[in-house]
Amino acid sequence: MLTEATKGIKRSNPYTKSKRLLLRQQGQSPSVIAYADRGSKRIKQKIAKLERNGKSANVATMAGARELSCFIWGMMTGNIA
């Protein structure tokens, strides 16, 4: 699941949001939204950097999935500062 989510982040544009995403984010805390946006941007940058440095797409995606799991853990434990 984390791998597929990471592939979705990889394909997305971190600077624009779809209408569906904006609807899902309605009513959420601004700090949570900012944390999620920060995580998405960081994962996308990490994947791009690894691929630029010669890592295969699968290795880069798995590194992004690990990063995503760390962001999920941070959100679950309240470390979203």
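Where is the place of Leu 2? Leu 2 sits in helix H1, residues 2–11; helices here are DSSP runs (H or I, at least four residues), numbered from the N terminus. This is a predicted model, in which local features need pLDDT of at least 70, side-chain atom pairs count only at pLDDT 80 or more, and totals for chains, interfaces and linings use all residues. Residues are numbered from 1 along each chain as its sequence is written, and side-chain values use heavy atoms, with hydrogens and water left out.

View 1. Leu 2 counts as partly exposed because its relative accessibility is 33% (buried means under 20% relative accessible area, exposed over 50%, partly exposed in between; 1.4 Å probe, protein chains only).

**View 2. Thr 6 is a buried residue of helix H1.** With 0% relative accessibility, Thr 6 counts as buried. A polar atom of its side chain lies 3.3 Å from the backbone nitrogen of Ala 65. Not counting residues up to four places away in sequence, Thr 6 also touches residues including Ile 43, Ile 47 and Leu 68 (contact means heavy atoms within 4.5 Å).

**View 3. Five residues build the largest nonpolar core.** A nonpolar core is a set of buried Ala, Val, Leu, Ile, Met, Phe, Trp, Tyr and Cys residues joined through side-chain atoms within 4.5 Å. Helix H3 (30–52) and helix H4 (57–76) are the elements that give two or more residues to this core. Leaving aside neighbours within four places in sequence, Ile 9 is in contact with Ser 40, Ile 43, Lys 44 and Leu 68.

Key
A polar contact is a pair of N or O atoms within 3.5 Å; within protein, one must be able to donate a hydrogen and the other to accept it, and residues adjacent in sequence count only if both atoms are side-chain atoms.
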